[in-house]
Amino acid sequence: MTAPAEPLVPGGAPEGGAPEGGAPAGGAADPARLVREVARRRTFAIISHPDAGKTTLTEKLLLYGGAIHLAGSVKARRATRHATSDWMKLEQERGISVTSSVLQFEYLGCQLNLLDTPGHEDFSEDTYRTLVAADSAIMLLDNRKGVEERTRQLFDVCKRRRTPIFTLVNKCDRHGEDPLKLLQDVEADLGIDCYAATWPVFDADVFVGVYDRLTREVHLFERSGDRGATRAGDTVVAIDDPALAGAMAPGAFDRLMADVELLDAAGHAYEHARVIDGTLTPVFFGSALTNFGIEPFLREFLQLAPPPGPREASTGPVAPTRPDFTGFVFKIQANMDPKHRDRVAFVRVVSGRFAGGLTVLHQRTGKPMRLAAPQQFMARDRVAVEEAWPGDVVGIMDRGTLRIGDTLGGDGTLEFQGIPRFAPEHFARAMPADPMKRKQFDLGLRQLTEEGAAQVFYTDTAAGSQPIVGAVGQLQFDVMAFRLEHEYAAPCRFEKMTHRWPRWVTGPKAEVERVCAGTGRLRVYDHKGAVVLLFQDSWALRRALQHETAVTFHETAP
Ligand code: G4P
């Protein structure tokens, strides 16, 4: 076991130790403390295709972080999953994680904030928005499958935002694609250069260790026999230590030496600036199931992943070390506790120190707002927080004032940018199964769409017109139906529509009218009354885009 007691990050608290020092209550942060707290934070998300091992890896990160003490055996693991990261009954019934949660834990003096992105078959705007709140991403790949569809979609969002990506090739305990071939595929498929930061060591075909190219050390694992329930023990030997040859099977040693030579001669060089701007990804190899390679990965990740940086705002970039608190809402979740009709806004702290009971300016309304009952989340357990720092996520109880994208703090001119809206890809007419429940149905639909669970459109601007729900993924309809029934006692029916491909239309009124009347087009209105056209097929859309030059089409609300 090689975990040192000293912190990895300058200024970081020792593992498990409470950060020292204080801050003036309710006022600006002590500047030296603020700098230290920022330096030791890592806020990240895991992007992967279902089944690559995200749940298993999350659990192992928590194991290494000391947040849990025993990772579950296969069956218990399913139970743990529900106990630690699922909120909704639906998730438990389907065995999927529908909502994003934030897991916070410490490791070697660093404070890690893992923003959990839903990993089910379908996904929603929430997933994308969560990536906006992250400072880096771990791209988890299955060693047999490499880059898969969902990974690609999530990678694209990260690439657009130049998010640093750390790749972990998982499941190396079983035979997979040749590691070099995997690197080539990632480069060709995603257009990002790879730097092999660790390299798998095989004895015959058995995964026995990793070579850490950054520390030039070989980790040889000890089999625990408990299927990864506890940390993996390892022996660490420097690559140029003459004892290494004796510590390994001859075939494994020769193969490793040949691989090292090849990588040094032919691979990309490590350039930290390129990692930070998202054009070079350090690649690690491991097995979340057996824990092999997970600790070297975690240690390098903490060293290389960036702490919270400046965020773009209308007034220019906001540095995390700016003394006053600022932050933005990236997610809203209603009714997390079915016993109390509550609504929690998740705020990513951008600058300064967040203190419980702080009163800040709510930029959109221009009104001061007391941030009551702030909470941090260790999955289902809510822990009242006294303070939080840049990179942290706090859940704020809210009666309905906060919306996704809202800025908190600042002087009223500062507004954070970059919380994207996404064009829905599926549409369905929504109606209450029981007409007597119309009121609850309308209320539920309004609240759930405010929360960002899906977008709602209407066939007419008049009150009582037919609602149409637009979603990025099909599963969002199931989630909405479930929540309308369980949280608002308003069971509903969805009728899937063939019209999709939405475009917001702006231009001279008469022209908009004319364009809306064309064949294969259906006019609807968004919740603000803006005109949106849905098209029957991609051909109808293409034709409109080519010929209707008197109006402007927008992919999302202008
Ligand atoms: P996900 O959240 O990305 O969907 O993946 P999850 O962790 O649930 O893992 C999917 C399957 O892959 C699970 O097997 C899990 O045990 C397995 N797995 C995860 N990491 C590794 C690894 O490093 N090596 C190997 N060999 N398998 C791994 P399952 O049979 O679907 O579920 P379970 O019965 O094991 O829970």
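Guide: Look for Gln111, which lies in strand S3, residues 110-115. Keep in mind that this is a predicted model.

Visitor: Is Gln111 buried or exposed?
Guide: Gln111 counts as buried, because its relative accessibility is 9% and the cut-off for buried is under 20%.

Visitor: What does Gln111 touch, leaving out residues up to four places away in sequence?
Guide: Its contacts are Arg40, Arg41, Arg42, Gln104, Phe105, Glu106 and Asp392.

Visitor: How many residues apart in sequence are Gln111 and Arg40?
Guide: They are 71 residues apart in sequence. In space, their C-alpha atoms are 5.9 Å apart.

Visitor: New topic. Which residues have the most contacts inside the largest nonpolar core?
Guide: Those are Ile47, Met139, Val186, Val218, Met248 and Leu256. The core has 58 residues.

Visitor: Which helix gives the largest share of this core?
Guide: Helix H9, residues 250-266, with five residues. As for domains, the core draws at least three residues from each of domain 1 (40-304) and domain 2 (326-409).

Visitor: Pick Met139. What is Met139 in contact with?
Guide: Leaving aside neighbours within four places in sequence, Met139 contacts Ile47, Thr151, Phe155, Ile165, Phe166, Thr167, Leu168, Val186 and Leu190.

Visitor: And the second core, how many residues are in that?
Guide: That separate core has 31 residues, including Phe105, Tyr107, Ile138 and Leu298.

Visitor: Now helices. At what angle do H2 and H11 cross?
Guide: Roughly 75 degrees. H2 covers residues 54-64 and H11 covers residues 294-304, and their axes come within 11 Å. H2 and H11 are therefore roughly perpendicular to each other.

Visitor: Which residues make the contact?
Guide: From H2, Leu57, Lys60, Leu61 and Tyr64. From H11, Ile294, Glu295 and Leu298. By class, five residues of this contact are nonpolar, two are charged and none is polar.

Visitor: Last stop: where is Lys528?
Guide: Lys528 sits in the loop between strand S27 (521-526) and strand S28 (531-535).

Visitor: Buried or exposed, that Lys528?
Guide: Lys528 is exposed, because its relative accessible area is 71% and exposed means over 50%.

Visitor: How far apart in space are Lys528 and Thr461?
Guide: They are 9.3 Å apart, C-alpha to C-alpha. In sequence, Lys528 and Thr461 are 67 residues apart.

How values were computed. Residues are numbered from 1 along each chain as its sequence is written. This is a predicted model: local features need pLDDT of at least 70, side-chain atom pairs count only at pLDDT 80 or more; totals for chains, interfaces and linings use all residues. Side-chain values use heavy atoms; hydrogens and water are left out. Axes are lines fitted to C-alpha atoms, for helices over the stretch in contact, and angles run from 0 to 180 degrees between N-to-C directions. Helices (H or I, at least four residues) and strands (E, at least two) are DSSP runs, numbered from the N terminus. Angles under 35 degrees count as roughly parallel, over 145 as roughly antiparallel, 65 to 115 as roughly perpendicular and the rest as oblique. Contact means heavy atoms within 4.5 Å. Ala, Val, Leu, Ile, Met, Phe, Trp, Tyr, Cys and Pro count as nonpolar, Asp, Glu, Lys and Arg as charged, and the others, Gly among them, as polar. A nonpolar core is a set of buried Ala, Val, Leu, Ile, Met, Phe, Trp, Tyr and Cys residues joined through side-chain atoms within 4.5 Å. Buried means under 20% relative accessible area, exposed over 50%, partly exposed in between (1.4 Å probe, protein chains only). Domain bounds come from an automatic or database domain assignment.
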